[in-house]
Amino acid sequence: MIDATKIIDLLSGKQIGKYYQIYDKSQWYSPEEMRVYQISKLKRLLTHCYAHVPYYRNLMISKSIFPSDVRDLAILQEFPIITKEQIKAEYDRFMPNNEHQIKGIKTSQTGGTTGNILYKRNDARTRSSVWASYKRFYDWMGIRPGDRVMNFWGGHVIKHGWKDTWIKRFSDLLRNSVSLDAYDTRPEIFDEIVNTLKNKHIRLIRSYPQALYSLAKKLDEQGLTFDIKAILTTSEPLMPQHRELFRKVFNAGSFDQYGCGEIGGIAYECAEHNGLHVTEERVILESNEKDELLITDLDNYAMPYIRYWNADQAIFSDELCPCGRKSRLISQVMGRTCDYLTGVNGQILHWAYFWHLLFDTNIAIDRNFIKFQIVQKAPDLIVFRTVSDPLTDIDKETLIRMIHQKMGNMRVEFVLEEDIPNTPSGKYRPVINELL
Ligand SMILES: [Zn+2]
């Protein structure tokens, strides 16, 4: 089998191989060794910012911070928290003035769904580092180069134009993967999926939890099971019920990963399934009092992100992983700050509450839930949209009673849907607050 990493390195001027060799060793670093590694990278980054990035140069001069002072990660506390809006407002001042010296700068859009577009930028160094951490993640899943992959994403990823399809097929061939559209519900597509799973020796499925859960339910109804090595999920909450069904239908463990458009891959689950290991070689993660992440990207010189607030919430674990790696664990990625509802009594509830409400009462199982979405339409009104069998009066009474206990005297409406479309970027949102 072709070693895709070597070819990509050659074609793109990246150095995935070099970073991978480092990260293969550094995953076993002690916390002290990792701290030393992080400080040396931070020092290099701040030296670059001081010399070449006007926003940070001004800031550092005004605070008398000099690159030679960087001896501890605590120096980050001297830097302000940066938001997407701030970068947009002063875009040119965040741009380095030595672009010609930075290899492989690429600019692309991110955050197009909310209308809040930021032109994200990174360089060859960042992409090499991200890919190397991803390659290490494949080691953790037990997936080897050449193992066949089934991509089960949304139609936005698999474009329908002939040119895109051709390029897609070619890259599928190189990478030994098959891509199927998770939102194409025609029966012949379902047959193609079953056929692929049966005959193509798929070792890894990459998908969104909700899309794959819907598929797994259909396969389970037909009594079909498969022998896949690993399931890789991203972008949406992966819940215990997802993992359980994936284990049953695909005979595989689920490996969640977390990243964001601006920074790339940030944390990955290991085979202990005990949380997501932060790639501390690449990022320094802090969180504020609302559990929102502040991210410092140690690799990106083309667009420095220092204490970047990306609106994602995550809960850190204090435990060490039994796998022996000492990196910090994220026990739960909660997603965007806007994904919560507010009761008339002021109670704030996250999607996870509604998930437990539906599964702990068994209503999700009994009524054959394919998908649900809870939308706050007014301060005292929430709408329960479900793609499911009709809810009984007792189901509705149970849900309303429990919602009243938590959120006060809310009006609750139930709507049975044929389908609940994902956002234009392909994301499923279990909870939407239209008031935010
Ligand atoms: Zn681990």
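Guide: A polar contact is a pair of N or O atoms within 3.5 Å; within protein, one atom must be able to donate a hydrogen and the other to accept it, and residues adjacent in sequence count only if both atoms are side-chain atoms. This is a predicted model, in which local features need pLDDT of at least 70 and side-chain atom pairs count only at pLDDT 80 or more, while totals for chains, interfaces and linings use all residues. Residues are numbered from 1 along each chain as its sequence is written, and side-chain values use heavy atoms, with hydrogens and water left out.

Visitor: What makes the pair Asp 395 and Arg 367 a polar contact?

Guide: The side chains of Asp 395 and Arg 367 are joined at 2.5 Å, and the limit is 3.5 Å.

Visitor: Why is Asp 395 called buried?

Guide: Asp 395 has a relative accessible area of 7%, and buried means under 20%, with exposed over 50% and partly exposed in between (1.4 Å probe, protein chains only), so Asp 395 is buried.

Visitor: How do you know that strands β3 and β5 pair?

Guide: Strands (E, at least two residues) and helices (H or I, at least four) are DSSP runs numbered from the N terminus, and two strands pair if DSSP finds at least two bridges between them. Strand β3 (residues 148–153) is joined to β5 by 5 bridges, and the two run parallel, with Arg 148 opposite Ile 202 in β5.

Visitor: What makes strand β5 mostly covered?

Guide: In strand β5 (residues 202–207), 5 of the 6 residues are buried.
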